[in-house]
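Please keep the sequence and the structure in view while reading.

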Amino acid sequence: MGDPLVTLPELIRGVRGARTQAMEQELVQRECARIRGAIRAGDPQAGTTNLTKLLYIHLLGYPAHFGQMECLKLLASPQFHQKRIGYLGAALLLDERQDAHLLLTNSIKNDLAHPSPCVQGLALACLGSLGSAGMCRDLAGEVQRLVRDAPAPVRRKAVACAVHIVRKVPELSDIFVPICDRLLKERSHGLLHGTLLLITEMCERSPDVLNHFRKAVPRVVEMLHNLEVSGYSLEHSIMGVSDPFLQVRVLRLLRVLGQGSEEASEAMNDTLAQVATNTETSHNVGSAVLYETVLTITAVHSAPGLRVLAVNILGRFLLSRDRNIRSVALTSLLRLVHVEQSALQRHRATVLACLRDPDPSIHRRALDLSLALMTGANVRTMTQELLGFLETCPLAMKPPCASGLLLAAERFAPNKRWHIDTMLQVLTMAGSSVPDDAVSRLIQLIVEAGELHPYIVRRLYGALARDISQQPLVQVATWCIGEYGDLLLADSCEEAEPVQVEEGQVLALLERVLQSHLSLPPTRALALTALMKLSTRLPGDIDRIRRIVSVFGSCHDIELQQRAVEYNALFRKYDHLRASVLEKMPLVKAEEEEGAEVVAPGGQKGASSSSTQEEPSQIADLLDLLGGPPAAPLVPAGSDAPVAESLLDLLEDVTTAPPIPPLTVWEGDGLRLDFAFQRPPADPHLLLITASTSRTSPGTASGFLLQAAVPKSLQLELEAPSGTSVPGPDGAPLSQRLRVRNPGQAPLRMRLRVAYTPPAGVPVQETLEINDFPAAAWQ
């Protein structure tokens, strides 16, 4: 300990000169031991030097927690240079998780009352970075005083500290509201920037503050207008844009104030249009301001023309050389695709051009946007472009591209033949990258397209003869050949080119699939089954099929061996049953499938193809989610309800069954959906459900729509809702009644689709399934 004091520059040179990690650790441990000894000795002269060395050691990654109390000692020093090092050490060595930081409160309070602005600035910076909720409550009054009365440099730091206080303790927002009203009249850009940030934080956390500052929208809009029309300023202009940081802050505040308020949105429309039109985009500075303008336009209740202008700005961003700007534009357009579909269609060619960008993040976002832009009108051209991308894209992009194409083809296919051709192309190009259910979905589609069977089987036979490496395509082809192989030998296909196919060629092709090392076990199993089916469909040599099947009776694959043994037994012992066992798959009729009754608001039923066609796309989408077409309703549309049910309507409010516990169905994005149940005693098969939708956060959700689907053994009717908007927490919830008739007392299951537009302005759609209804609701 008698060694001379090592200064910070000497310690840095020693660490840099260490040749190995062990030498550096030895040097640091030796110096830490000296610092501990000096702290225990209480040497006041070496305190600052020791703490600076300790902070350097902390930055190297070594433990330095033993210097926390030394920081507190230097904080209390009357000398400014020691106080400054103490605050620096506190910022690095202390945080809210350590109890020692609570000892800072008294020192910070004294320094906030210090006459020196420099000391006040140190205390504000420390409180703004380390202040816990308790410290913020204790010192909020001091910060409020400095925001109101301190000199300009201290006021800027005090406003920044007030932002931290509001984030930690939102209920303290009220004490800063009067001060912010006065600060909005300031001319200092730095002070205005901090004030706007403070107002934004308070408005996001308090509905009362939000309503208060909506009255100040004209003043904030005037501030943005002055920034836009002001000329070049050496102090504030960057790349020809007047104070872009303040413009961005103003735009973000306007975005918060305009959400859910048509009056506030209308007051800012003209200025937003002026900013969007006049801002230059030759530099990143202008692009940043324009991007914030676009976000504000799309978030508030802006005019339709203004929203189209915002989409066009994002379209111009897609032409930028900067990939970051293009990526931001694609992400923003994807959020707007369901709101401004027609405006986005004008930029479809530009979006498709982004698929050729070498940057993986660009063409991934471009793929998502391209799939979202597909409609029934452009599905053919868009599919051709995306098929070209699928053929050349990296392997990692094939699964999302193939999955998106299959879903789009299923949704927008103009006819069955185009749908099947597109799915075959996807299977050919994507190979094993297609979704797991693609094979079964295509087979189901082929079964339903009875008039296209000759065309399909010939096309699949040709594709299989050219390439047997794409396993999903091979599986579909082998199944189809086994099912409809007799059509290959017939001349019943007028749409395909005439190709002479012989029975031996078909059997040889399936045998080739069975023997190929590229074939997966499921593919071989399908090929073996296809051979067995052909034994009843082709009039040729059955002995050849029997020999091929018998070979696999000793196969190492258990599944394939079992199939071969069973098929051999069918040949030997039950040959008289072979034709009936291997009959063609019957066409699946809609009324035989497990379906569901889908009901839209107002009681309209989507239960049969002959029912009313209102809201066809929404009902069809919900049916797609349920995986099948619905069954016919038990009560035909337009027929009179039974007399007993009419009497029940009169009695249901008078006599009720024992109460059923309510159920919270869904909660998210500031919304909550609750179900309340009631079973009238006069009709035990009827369940009345009252769906109440309330909002748990500020703002109004508009365009609320509830759709429901139940299994076909149940009947569902939705009455008209009480409205389409869900007000804030202080408003009345939106209610809607559902009538469920369950004659078989089957377990109640329901699938819901909830669509709404939150205050942010971007439509949201949620799909949820309910399987946990109370037993008393259906038993």
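By about how much of a helical turn are Glu201 and Arg205 separated in helix 11? Because these residues stand four apart in helix 11 (residues 189–205), the separation is about one helical turn. Helices here are DSSP runs of H or I with at least four residues, numbered from the N terminus.

The model is a predicted one, in which local features need pLDDT of at least 70 and side-chain atom pairs count only at pLDDT 80 or more, while totals for chains, interfaces and linings use all residues. Residues are numbered from 1 along each chain as its sequence is written, and side-chain values use heavy atoms, with hydrogens and water left out.

## Salt bridges

A salt bridge is a side-chain nitrogen of Lys or Arg within 4 Å of a carboxyl oxygen of Asp or Glu. Searching the whole structure gives 31 salt bridges.

| Pair | N to O distance |
|---|---|
| Glu201 and Arg205 | 2.4 Å |
| Arg255 and Glu292 | 2.3 Å |
| Glu410 and Arg441 | 2.5 Å |

Burial is judged by relative accessible area: buried means under 20%, exposed over 50%, and partly exposed in between (1.4 Å probe, protein chains only). Glu201 counts as buried because its relative accessibility is 8%, whereas Arg205, at 35%, counts as partly exposed.

The side chains of Arg255 and Glu292 also meet in a salt bridge. This pair links distant parts of the chain, 37 residues apart, with Arg255 in helix 14 (residues 244–258) and Glu292 in helix 16 (residues 284–299). Both Arg255 and Glu292 are buried.

Glu410 and Arg441 form a further salt bridge. Here too distant parts of the chain are linked: Glu410 belongs to helix 23 (residues 398–412) and Arg441 to helix 25 (residues 438–448), 31 residues apart. Glu410 counts as partly exposed at 42% relative accessibility, and Arg441 counts as partly exposed at 23%. Elsewhere, salt bridges with shared partners join Arg167, Glu201, Glu204 and Arg205 into one network.

## Val289 in helix 16

Helix 16 also holds Val289. This valine is buried, since its relative accessible area is 0%. With contact meaning heavy atoms within 4.5 Å, and with neighbours within four places in sequence left aside, Val289 touches Val241, Pro244, Gln247, Val248, Leu251, Val275 and Thr279. Between Val289 and Ala276, 13 residues apart in sequence, the C-alpha to C-alpha distance is 8.6 Å.

## Helix 7

The expected span of a helix is 1.5 Å times one less than its number of residues. Helix 7 (residues 117–130) has 14 residues and should therefore span 20 Å, which agrees with the 20 Å between its end C-alpha atoms. Its buried residues are Val119, Gln120, Gly121, Leu122, Ala123, Leu124, Cys126, Leu127 and Leu130. These buried residues pack against helix 5 (80–93), helix 6 (104–112), helix 8 (133–149) and helix 9 (152–168).

Technical notes: Helix = DSSP H or I, 4+ residues; strand = E, 2+ residues; numbered from the N terminus.
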